[in-house]
Amino acid sequence: PLLVGVGGSGRQSLSRLSAYTCTYTTTMIVLSGTYGMNDLKADLQAMYTKAGVKDEGVMFLFTDGQITNEKFLVFLNDLL
């Protein structure tokens with residue numbers, strides 16, 4: 001599911017709680033000064049491998065503050 005709401009409404013906490021309840025692995029990108037498209041592709045590929053090949057439950061947590069490049073949204077749109 002995609003959670004949308006105002007800041008401070010508990011979306012991230014609710015997402016982490018539901019992932020824990022379902023025994024899913026929470027995946028979240030870690031931004032650095034050099035994080036770019038290739039890094040996002042590598043992170044998504046690792047997540048797809050966990051979910052598809054290893055058959056593990058995965059919850060991808062991505063906040064609006066992590067959008068450093070608007071092209072990230074293209075990959076997230078493909079994910080949805």
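## Charges

The protein chain carries 6 positive and 7 negative side chains, and the centres of the two sets are 2 Å apart. Lys and Arg count as positive, Asp and Glu as negative, while His and the chain ends are not counted. Each charge is placed at NZ of Lys, CZ of Arg, CG of Asp or CD of Glu.

## Basis of the values

This is a predicted model, in which local features need pLDDT of at least 70, side-chain atom pairs count only at pLDDT 80 or more, and totals for chains, interfaces and linings use all residues. Residues are numbered from 1 along each chain as its sequence is written, and side-chain values use heavy atoms, with hydrogens and water left out.

## Overall fold

The protein chain has 3 helices and 2 strands, in the order α-β-α-β-α along the sequence. Helices (H or I, at least four residues) and strands (E, at least two) are DSSP runs, numbered from the N terminus. The C-alpha atoms fill a box of roughly 35 × 35 × 20 Å, taken along the principal axes.

Of the 80 residues in the protein chain, 21% are buried. Buried means under 20% relative accessible area, exposed over 50%, and partly exposed in between (1.4 Å probe, protein chains only).

## Residue L31

L31 sits in the loop between β1 (25-28) and α2 (37-53). L31 counts as partly exposed because its relative accessibility is 32%.

Neighbours within four places in sequence aside, L31 is in contact (heavy atoms within 4.5 Å) with G65, Q66 and T68. Y20 is 11 residues from L31 along the chain, and their C-alpha atoms are separated by 23 Å.
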